[in-house]
Amino acid sequence: MNIVVCVKQTFDTEAKIVFDSQGRIDPNGVNLIVNPYDEFALEEGIRLKEKFGGTVTAVSMGGARAQEALRTALAMGADKALLVSDPALNDADEWVSTQALAQAISKIPHDIILAGRVAIDDGSSQVCVRLAEELHLPSVSTVLKFSVEGNKVTAVREIDGGTETLEVELPVVLTAQKGINGNEPRYPSVAGIMKAKKKELKTMTLADLGLSALEPKMKISKYDLPAPRQAGKKIPGEPAAAAQELVRLLHEEAKVL
Amino acid sequence: MDEIKNVSLEMKDYIASSGAETLSWCMQCGLCTNLCPWRLVPGEVSENFNIRKMQRLGQLGLEGFEEENILFACVTCGMCQINCPRNVEIIDNVRSMRNTTVGAGFLPAHLRPIAGSLHANGNPWSGEREKRAAWQNGLDIPAFTEDTEYLLFVCCTSCYDTRSQKIAKSIVRLLKAAGVNFGVLTAEENCCGESIRKLGDEELFQKLAQGNIDLFKRNGVKKIITTSPHCLYAFKKDYPELGGEFEVMHYSEVLAQLVKEGKLAFPEELVRKVTFHDPCYLGRHNQVFDPPRELIQAIPGVEFVELDRSRNKSLCCAGGGGRIWAEVPMGERFGELRITGAVEKQADTLVTACPYCIIMLDDACAGLEKGDVLQVMEMSELLCKALDPK
Amino acid sequence: MPKGIWIFVEQRDGQIRKSSFELLSEGRKLADQIGEPLVGVILGQGVETLVKAVAAQGADKVILVENEQLKNYSTGAYTSALNQVIRKGEPQAFLMGNSATGRDLAPRLAQRLGVGLASDCTGIEHDPEKFLVFKRPIYAGKAFAYTGSTARPVLATIRPNTFAIAAADESRQAEVEKETVSVDPADLRAIIKEVALATSKRPELVEADIIVSGGRGMKGPENFTILEQLADVIGAAVGASRAAVDSGWREQKFQVGQTGKTVSPTLYIACGISGAIQHLAGMGSSKFIVAINKDPEANIFNVASYGIVGDLFEVVPLLTEEFKKLVSA
Ligand SMILES: Cc1cc2nc3c(=O)[nH]c(=O)nc-3n(C[C@H](O)[C@H](O)[C@H](O)COP(=O)(O)OP(=O)(O)OC[C@H]3O[C@@H](n4cnc5c(N)ncnc54)[C@H](O)[C@@H]3O)c2cc1C
């Protein structure tokens with residue numbers, strides 16, 4: 001089975017957001033990790049290979065540092081890795097990213113393409129579904145559970161207030177919810193880490209992919225930070241009145257309900 | 001039986017290159033495993049973690065040592081190391097073996113936010129850097145200047161954990177009462193890095209340590225008082241490797257000296273039966289045994305009893321080596337043994353002198369529901385009580 | 001000829017989702033600002049009866065697309081249908097709720113149309129130069145990006161509860177345009193076999209939007225039922241402190257904290273939890289924290305957005321009643 005897993009390198013969940021002099025988010029000095037949802041996708045990709053044989057190719061788009069994310073994928077058990085990297089992609093929106101990744105992945109044999117359902121940085125949750133469209137493939141988003149039998153994939157995905165079971169034939173794109181198939185992303189062995197150093201990690205530019213610079217559809221005009229958390233308030237009064245006031249505040253002030 | 005695995009010279013070299021210099025000295029006598037506190041509790045970690053075997057796997061370059069329950073189980077208490085007949089630097093070996101995976105970017109899931117926070121905030125507790133010194137508000141603590149004798153370095157835990165802040169505040173009070181010339185640079189400090197180094201993240205340790213060394217040098221720091229034995233260890237044993245040479249003391253050493261000199265006294269009688277838990281990093285690792293005992297016994301009214309395991313034989317609280325962030329089910333926590341031991345001695349107060357030990361012992365005391373017969377206190381808190389009427 | 005702001009009216013089993021009414025309400029304001037019509041787009045089968053409600057919520061026009069293939073949502077059929085009506089009607093903007101459906105549908109539709117999409121927005125501003133500027137939380141809400149598109153239409157999914165629902169005006173009429181579409185068989189490759197609506201099933205702890213947690217103050221395992229009752233009213237997951245786990249009242253998999261699960265819900269309600277640093281490490285990034293604790297000095301109040309000092313056994317059931325009133329309103 002030819003398995004492709006899309007892996008994005010993101011800021012550490014603990015990272016602080018700081019802006020540079022141009023008001024853009026400054027990645028300098030920030031610890032970077034593999035997008036946690038993508039780790040679940042990787043785990044599933046590697047399990048598929050362990051079950052059916054084949055090749056797992058990890059694909060990422062990003063700057064040179066994104067190689068680290070791909071090394072992680074290789075240490076976990078991916079066979080090959082491809083990084084799409086080009087300064088012209090710095091301002092890529094989801095459409096541009098999709099064009100580049102689709103072009104790269106179209107050149108790799110793929111029966112199944114896996115990715116996390118969302119990246120924890122921009123949180124846009126678009127690229128892999130767009131990718132499916134661009135490659136003319138069906139997709140199932142936010143998959144909780146799936147199995148492959150012959151050519152047929154049965155997948156359970158999360159919908160509002162429940163789940164939906166789908167059947168679809170390979171090739172297909174699946175985006176992974178955390179905890180997909182009840183598995184935790186594996187912790188690589190030292191042997192895996194040592195082997196990863198020798199595995200193929202290719203980098204391709206837009207020119208290598210036969211693409212020229214692409215004009216994004218969306219442009220970010222500015223960034224800002226949320227207002228600092230307000231000091232909390234203790235709600236005074238008798239329990240009944242306090243409970244009522246709390247619900248009112250949650251509804252009207254916090255707008256969470 | 002274990003499955004047959006391949007001996008790998010390459011792996012062995014990789015482990016050695018990560019710093020496990022004395023790994024090959026081990027002759028597999030097994031004393032380490034027998035002295036290991038994990039033998040005293042039941043459960044999965046205890047069954048899987050065998051320090052002798054882990055080193056053997058490393059010597060042969062065999063896979064298997066890197067399983068989370070094995071590689072990250074050691075509490076670095078040092079019990080094995082001080083008794084090793086071959087003087088194997090077992091803890092260095094553990095940390096180097098951890099570095100084989102951690103150095104490549106792989107930390108067990110529960111430790112990632114810890115490392116993430118150390119990177120982003122300079123402390124492991126996800127506390128905002130700007131709030132590191134917030135506990136000092138209203139306490140009138142002098143800033144360190146060129147005329148200050150001692151820098152007081154406060155452990156991250158006591159900066160951010162409200163329970164632990166009481167320790168820092170008590171130490172400040174005692175130092176003031178004794179007229180010590182001290183100041184702080186808290187807001188600009190990083191975590192000392194002791195635990196993250198033991199966890200094998202050498203790169204992160206060096207980043208944190210270098211930040212502190214530069215800060216200390218820039219401000220002309222020569223003498224440091226630490227609130228935590230872990231910071232004491234880092235400054236004394238780790239920082240010199242990076243060019244950070246300072247005169248470092250735990251607060252108990254400073255205070256005990258001042259009591260001897262008559263500069264600090266405890267007027268208030270406390271009728272208590274007190275016992276002392278030697279923190280591994282104060283006792284075994286830094287051989288500071290007498291100062292806390294002298295201090296406790298300087299309080300009028302205190303009856304002091306030793307725990308069965310004390311001084312060099314003290315039993316770890318399980319908070320070292322990064323285990324302060326590890327989950328262990330009830331019934332398998334070393335702290336429970338300490339609480340039970342103290343209750344058996346009919347002590348009403350279990351004193352220790354380390355913020356990590358306090359976390360672990362407090363937790364065990366609450367878990368065993370022994371709070372009505374035994375109070376867990378940091379030594380500075382007890383001493384403060386004896387300073388003040390009421 | 002202006003083509004308007006279009007709203008995707010999401011319906012399931014003939015029920016319009018609340019988020020669609022929110023979008024229609026805000027869409028009305030935007031349409032007035034830019035002087036263009038507001039159009040509601042309904043996909044389904046036998047859903048003509050919904051037109052009235054869409055009109056009452058402010059739509060000038062309703063595009064009704066009925067087709068057996070559209071009876072229930074499927075990615076392919078809905079993409080195919082919307083692609084056809086959008087290409088024909090050429091709206092300026094097409095807005096959807098950021099529901100599971102919106103999240104699945106919007107990116108595919110945007111790619112088919114070759115346009116931009118602002119996902120999971122929490123605000124929309126009209127700007128004379130930039131047209132619509134969308135506010136999006138990024139880095140789990142640690143920052144916001146403001147984004148817009150020069151191309152048309154611009155697509156966006158909007159987080160539920162972002163906008164208030166305006167009062168419906170039942171006297172409003174809307175022009176109805178019925179469209180027929182053909183669904184490309186290539187779009188029907190993923191076949192839905194089963195839909196399981198588990199309304200009573202609590203969400204997974206790590207993904208839940210609301211979490212109610214109990215600690216040592218719960219006093220015993222049986223008392224967790226009052227938290228479960230509260231949770232079920234607001235669709236929350238139930239978590240626990242380690243003290244509650246150690247006491248054997250809850251399973252370890254429900255432990256929130258440094259050595260348990262790390263959660264970041266919109267709302268975290270801590271009942272009988274003191275707020276130890278290890279607990280805070282697992283939930284401190286929640287957007288809103290509510291604390292119910294009888295000890296006014298408890299550390300949890302230092303991080304809580306709202307707190308009630310009181311006996312949880314008294315407060316929690318009252319809270320459940322108040323939430324019931326709100327939910328049924
Ligand atoms: C290595 C390690 C890892 C840990 N990891 C975690 C972790 O992942 N998650 C975690 O939660 N903890 C963790 N802890 C434990 C943590 O330190 C605290 O002990 C624990 O969180 C306390 O739980 P609690 O708040 O429920 O209990 P307590 O601290 O005992 O607090 C109970 C609270 O309930 C209140 N209360 C009592 N009765 C009522 C009533 N009738 N009405 C209202 N309020 C009432 C009390 O005022 C009190 O504030 C860890 C500890 C260690 C040592």
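How much accessible surface does chain C have, and what percentage of that belongs to carbon and sulfur atoms? About 13,200 Å², with 50% belonging to carbon and sulfur atoms. Before going further, please keep in mind that this is a predicted model.

Let me stay with chain C for a moment. Its 329 residues include 59% that are buried. Along the principal axes, the C-alpha atoms of chain C fill a box of roughly 65 × 45 × 40 Å. The secondary structure of chain C consists of 18 strands and nine helices. Looking at contacts in chain C with a separation of 6 or more, 62% are between residues 24 or more positions apart.

There is one annotation to mention. An unreviewed UniProt entry assigns residues 5-192 of chain C to "domain: Electron transfer flavoprotein alpha/beta-subunit N-terminal". In the model, that span is 34% strand and 28% helix, and its end C-alpha atoms are 31 Å apart.

Now the ligand. Which chains surround the ligand? Chains B and C both provide residues around the ligand, so the site is shared between chains. The shell has 31 residues, and the closest are C:Arg216, C:Ser241, C:Ser274, C:His279 and C:Asn293. Split by class, the shell comes to 14 polar, ten nonpolar and seven charged residues.

As for secondary structure, four helices each supply at least two residues of the shell: from chain B, helix H17 (355-367), and from chain C, helix H6 (242-246), helix H7 (277-283) and helix H9 (312-328). The largest share, three residues, comes from H17(B).

Next, some specific distances. The side chain of C:Asn293, which is also among the closest residues, has an N or O atom 2.6 Å from an oxygen atom of the ligand. A polar backbone atom of C:Leu312 is 2.8 Å from a nitrogen atom of the ligand, and a polar backbone atom of C:Gly272 is 3.0 Å from an oxygen atom of the ligand. On the area side, the ligand taken alone exposes 980 Å², and the protein buries 88% of that.

Two are cis peptide bonds. In chain A, the bond joining A:Leu170 and A:Pro171 is cis, with omega about -5°. A:Pro171 sits in the loop between strand E9 (162-169) and strand E10 (172-176) of chain A. In chain C, a cis peptide bond joins C:Arg152 and C:Pro153, with omega about -10°. The loop holding C:Pro153 runs between strand E10 (143-149) and strand E11 (154-158) of chain C.

The other two places are in chain B, and both concern phi. B:Thr76 is a residue other than glycine with a positive phi, near 55°. Its loop lies between helix H5 (68-71) and helix H6 (79-83) of chain B. B:Gln346, again a residue other than glycine, has a positive phi near 60°. B:Gln346 belongs to the loop between helix H16 (334-344) and strand E7 (349-352) of chain B.

Is B:Thr76 buried or exposed? B:Thr76 has 1% relative accessibility, and the cut-off for buried is under 20%, so B:Thr76 counts as buried. B:Gln346 has a relative accessible area of 62%, and exposed means over 50%, so B:Gln346 is exposed.

That is what I have for today.

Conventions
Residues are numbered from 1 along each chain as its sequence is written. Chains are lettered from A and ligands numbered from 1 in the order in which they are written. This is a predicted model: local features need pLDDT of at least 70, side-chain atom pairs count only at pLDDT 80 or more; totals for chains, interfaces and linings use all residues. Side-chain values use heavy atoms; hydrogens and water are left out. A residue is near a molecule or strand if one of its heavy atoms lies within 4 Å of it. A polar contact is a pair of N or O atoms within 3.5 Å; within protein, one must be able to donate a hydrogen and the other to accept it, and residues adjacent in sequence count only if both atoms are side-chain atoms. Accessible areas come from the Shrake-Rupley method with a 1.4 Å probe; for residues, only the protein chains shown count as cover. Ala, Val, Leu, Ile, Met, Phe, Trp, Tyr, Cys and Pro count as nonpolar, Asp, Glu, Lys and Arg as charged, and the others, Gly among them, as polar. Buried means under 20% relative accessible area, exposed over 50%, partly exposed in between (1.4 Å probe, protein chains only). Contact means heavy atoms within 4.5 Å. UniProt positions are given in the numbering used here, feature names are shortened, and annotations may be inferred rather than shown by experiment.
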